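These are my notebook entries on one structure. I set down what I looked up, in the order in which I looked.

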Amino acid sequence: MTVDVEDYFHVSVFEGVVPRERWPSMESRVQANTERLLALFDEFAVKSTFFVLGWVAERYPSLVRAIVSGGHELASHGYAHRLVYNQTPDEFRQDVRRAKALLEDAGGVEVGGYRAPSFSVTHQSMWALDVLLEERYRYDASIFPIRHDRYGIPVSPREPFRVERSAGSLMEVPGSTVRIGPLNLPVGGGGYFRILPYAWTRWGIGRLNQDAQSAVFYLHPWEIDPEQPRLPAGWLGRFRHYRNLGLTEERLTALLEDFRFAPVGTLLRTRAQLAAGPLAPLALPYVW
Ligand SMILES: [Zn+2]
């Protein structure tokens, strides 16, 4: 289970509508919405990975502390929500470095995971993995093995895999898909969870689980907030952002009833232990 902690006006579709200099003057709803998610996860005893935007951590350090003290994994969504392929490697480095420092300061824990805004690690921005390694991140969750207008590497592996780079190696945790014929179709959350019937998600995750695979589910605090202020955008952007906001919390509750979830860090450790062979101890004590 993963949550990208950002406000409704941070979303890439509104990048031209709400410039960054206007962010501080916007009505913020991220703290209240994230607290509702924390309460819902508590109800189901679910621990999640929260990829928090550095900009949010800077303004709401108490929210970061609430995430950590709730036993969840703290991870990074970068600082300013800029698409990776629209930055130079140096700008990207400053962004992920600043986010990691703010999060670690606020949370008092080491931050090892990163997810790019709009899954924007693509063929044209693979250098980002080198920068993440050099900036002491341990895993990335930004590559979606699908075709999409803004992101995706369709030929990329569908399960978590180790990426070897000159700076070392890190784990890549892709967004979840089911394979149907020649296509990888997303099943792990976001617009696909809100726009398609819940039965699609339940079937897709069930199919992955049957193959002994975990699904990586993702959502945003603004997705359970039908009262959020409406911002102008093109019809596709409006459809993707606003469709079925009023249904998401109910669907999320059904999802939490139907499946068991863990943070990404736990998933990676479990896989590493399984890969180490049957003699390796399966339950190591650790806190995320
Ligand atoms: Zn985001």
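**Entry 1: Pro-182**

I began with Pro-182, which counts as exposed because its relative accessibility is 69%; buried means under 20% relative accessible area, exposed over 50%, and partly exposed in between, with a 1.4 Å probe and protein chains only. I note that this is a predicted model, in which local features need pLDDT of at least 70 and side-chain atom pairs count only at pLDDT 80 or more, while totals for chains, interfaces and linings use all residues. Residues are numbered from 1 along each chain as its sequence is written, and side-chain values use heavy atoms, with hydrogens and water left out.

I located Pro-182 in the loop between strand 8 (177-180) and strand 9 (183-186); helices (H or I, at least four residues) and strands (E, at least two) are DSSP runs, numbered from the N terminus. From Pro-182 to Ser-69 I found 113 residues in sequence and 44 Å in space, C-alpha to C-alpha.

**Entry 2: helix 1**

I then turned to helix 1 (residues 30-43), whose 14 residues reach 20 Å from first C-alpha to last, close to the 20 Å expected at 1.5 Å a residue. The expected span is 1.5 Å times one less than the number of residues.

Which residues of helix 1 are buried? I listed Val-30, Asn-33, Thr-34, Leu-37, Leu-38, Leu-40 and Phe-41. Seen down the axis of helix 1, these buried residues fall within an arc of 165 degrees, so they line one face of the helix; the arc is that of the directions from the helix axis to the C-beta atoms. On the other side of helix 1, Asp-42 and Glu-43 are exposed. The cover over the buried residues of helix 1 includes strand 1 (2-5), strand 2 (49-52), helix 2 (54-59), helix 3 (61-69), strand 10 (218-219) and helix 9 (248-258). Just after helix 1, Ala-45 takes a positive phi of about 55 degrees.

**Entry 3: Glu-249**

In helix 9 I looked up Glu-249. With a relative accessible area of 28%, Glu-249 is partly exposed. Glu-249 lies 212 residues from Leu-37 in sequence and 8.9 Å from it in space, C-alpha to C-alpha. Leaving aside residues up to four places away in sequence, Glu-249 touches Arg-36 and Ile-224; contact means heavy atoms within 4.5 Å.

**Entry 4: helix 8**

In helix 8 (residues 235-242) I found Gly-237, His-241 and Tyr-242 buried. They cover an arc of only 100 degrees around the axis, which puts them on the same side of helix 8. The buried residues of helix 8 pack against helix 6 (191-195).

Most residues other than glycine have a negative phi. I therefore recorded Phe-119, with a positive phi near 50 degrees, and its relative accessible area of 5%, which makes Phe-119 buried. Phe-119 sits in the loop between strand 4 (113-114) and helix 5 (127-134).

Is Arg-136 buried or exposed? Arg-136 is exposed, at a relative accessible area of 53%. Its phi is near 65 degrees, also a positive value in a residue other than glycine, and Arg-136 is placed in the loop between helix 5 and strand 5 (139-140).
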